[in-house]
Amino acid sequence: MSTPLGPLHVTGEVLATKTVGAHRHLTLVAPGIGERSRPGSFVAVSTGEARLARRALWIHRVRPMGGHRATLDVVVEPRGSGSRWLAGLAPGAAVDVTGPLGRPFALPREPARCLLVGEGYAAAPLLALAERLRQRACPVHLVLCAPDESRLLDVLEARRSVAQVDVVTGDPQAAIAAAVASADVVYSAGSVPTLRACADAAAAAGVSCQVALERHLTCATGLCSGCPVPLLHHEEDGGPRVVRDCVDGPVFRAGLVDWESL
Amino acid sequence: MSGDWPFSGPVLSASGCGGTGRELASYGDLADLGGFVTRSITLHARPGARGERIVESPSGLVNAIGLQNPGVEAFLGEELPALLELGATVVASIAGHSLGEYAEVSRALGRAAGVSALEVNLSAPDASGAGVFDIREPFQAAGVVAACRRDLPGGVLLLAKLRSDASRVVETARAVTEAGADAVVVGNAVPAAMPDGRPGGLSGPAIRPLALRSVSLAVEALPGTPVIACGGIMDPADARAFLDVGARAVQVGSALFHDPTAAHRIAAALAAGGEPR
Ligand code: FES
């Protein structure tokens, strides 16, 4: 391994499964990956030999289970053939897992009021993020949204662990606009319209915003160039540039993203 | 042949499938591969295609990347030094919109210290969409190879990457060899379409039998020319099948998207199974 803390590729195992609303939750044994992950990291899994592309999944939770030090919880929303295959896996099934992948959320250096907006299954990394923020003395306001109730994630757990939680089904734009008013930093994970609503509201309020941008990934490991994200200003040289979502993201500073060309 | 065979083993990564090299190096030592083939480098940076770039098809992928690459200058300044640092045997893949651009890129990269071979991409599955010289006839391929060969220093191997097109591969391989190619690579993704009809290229196990046929034909027709096989190789048995019909080496491409350790696994299995021919 040339980078000791880089991603690993392992043959893992499904340890447990459960259905919650429209989602299937899988707990995976994937030695070494959980230990290295941070909120906003994701894993890529293979879904059988005939499907060449990987499927990317946010790391929802890392926890000890069944004698394993750091199992991974992931949330699958069955939509296409690959995610249906994943949702159909039974405990004991082997699955190839690569991770942790991507650049995770960056934490504020000073205590700051943080607004977290999570939509559907993409809210997966936000409770872990909230926990990290609380350790840094940052007050957290969490908005969980989804098109319908069956796709809301983590509402009960969030209410136990986060002081201020709003739950929205349907269009979250009004809730976002209202919540941004009392935030110093915004973190958002969800569909492009929701990310963009956060980006626009944050820009209007003059607060910083990070978005976890989900693109269609093929390799998820930086090899294929199939996941372009156009940036207005590149962090290194300031010029416009097309970068890769899977290695240069998936978390971006919202102001860098060229939303019009996305 | 203008130089010695620079590849220490029979398994290389295929062009456009190993990122900048750094990403692949997270999963295995690049020095353990016979060689690392870069994505195709053009004179100036290209942002690549807009819209959906890769979709799955049965046992394959259809891509329309549009040859996104950083251009010669950034490649020489950043990516090549990093690849050499990682211990890779570097094969620079090159493309251009004209004979002149091919020649210029060949000159710039062929003279760079640490480039062991050039792979001249003569088989972009969507040349006009990607804005590169559209090579339809063997004489055009030969013209590009001659232009690239002209100023190439000795010791740098020139590989010509051709299509897996059984009806043309022998003619084209013969023409490029006569024009100065040291070896041929057969082949690239095959011309196909994205679901919305945009031109693209199909790769993966879906095209492996096409590649095997083309490789066999090239090996038979040109016994003096080394053939490097590329097309849907997923595991050691696939690689062995190409070596058994006479390929000198293989390139692993789309398999890396499915499993970033695929090339290393295949290389290790072949090494453990004794010397490949
Ligand atoms: S999905 Fe392949 S480079 Fe990002």
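Colleague: Which residue's side chain does a 2.9 Å polar contact join to that of D73(A)?

Modeller: A polar contact is a pair of N or O atoms within 3.5 Å; within protein, one must be able to donate a hydrogen and the other to accept it, and residues adjacent in sequence count only if both atoms are side-chain atoms. At 2.9 Å from the side chain of D73(A), the partner is T27(A).

Colleague: What pLDDT do side-chain atom pairs need to count?

Modeller: Residues are numbered from 1 along each chain as its sequence is written, with chains lettered from A and ligands numbered from 1 in the order written. Side-chain values use heavy atoms, leaving out hydrogens and water, and this is a predicted model in which totals for chains, interfaces and linings use all residues, local features need pLDDT of at least 70, and side-chain atom pairs need pLDDT 80 or more.

Colleague: Is D73(A) buried or exposed?

Modeller: D73(A) sits in strand 5 (residues 68-76) of chain A; strands are DSSP runs of E, at least two residues, and helices runs of H or I, at least four, numbered from the N terminus. Buried means under 20% relative accessible area, exposed over 50%, partly exposed in between (1.4 Å probe, protein chains only). At 4%, D73(A) is therefore buried.

Colleague: How much area do chain A and chain B bury between them?

Modeller: Buried area is the accessible area (1.4 Å probe) that two parts lose on being put together, summed over both. Carbon and sulfur atoms carry 55% of it here, and the total is about 2400 Å².

Colleague: With which residue does R244(A) form a salt bridge?

Modeller: A salt bridge is a side-chain nitrogen of Lys or Arg within 4 Å of a carboxyl oxygen of Asp or Glu. The rule finds two across the interface of chain A and chain B. For R244(A), the closest N and O atoms are 2.9 Å apart, and the partner is E23(B).

Colleague: What is phi of L67(B)?

Modeller: Most residues other than glycine have a negative phi. L67(B) lies in the loop between strand 4 (60-63) and helix 2 (71-85) of chain B. L67(B) is not a glycine, yet its phi is positive, about 55°.

Colleague: What is omega of the cis peptide bond joining G249(A) and P250(A)?

Modeller: P250(A) is in the loop between helix 7 (245-248) and strand 14 (251-253) of chain A. The cis bond from G249(A) to P250(A) has an omega of about 5°.
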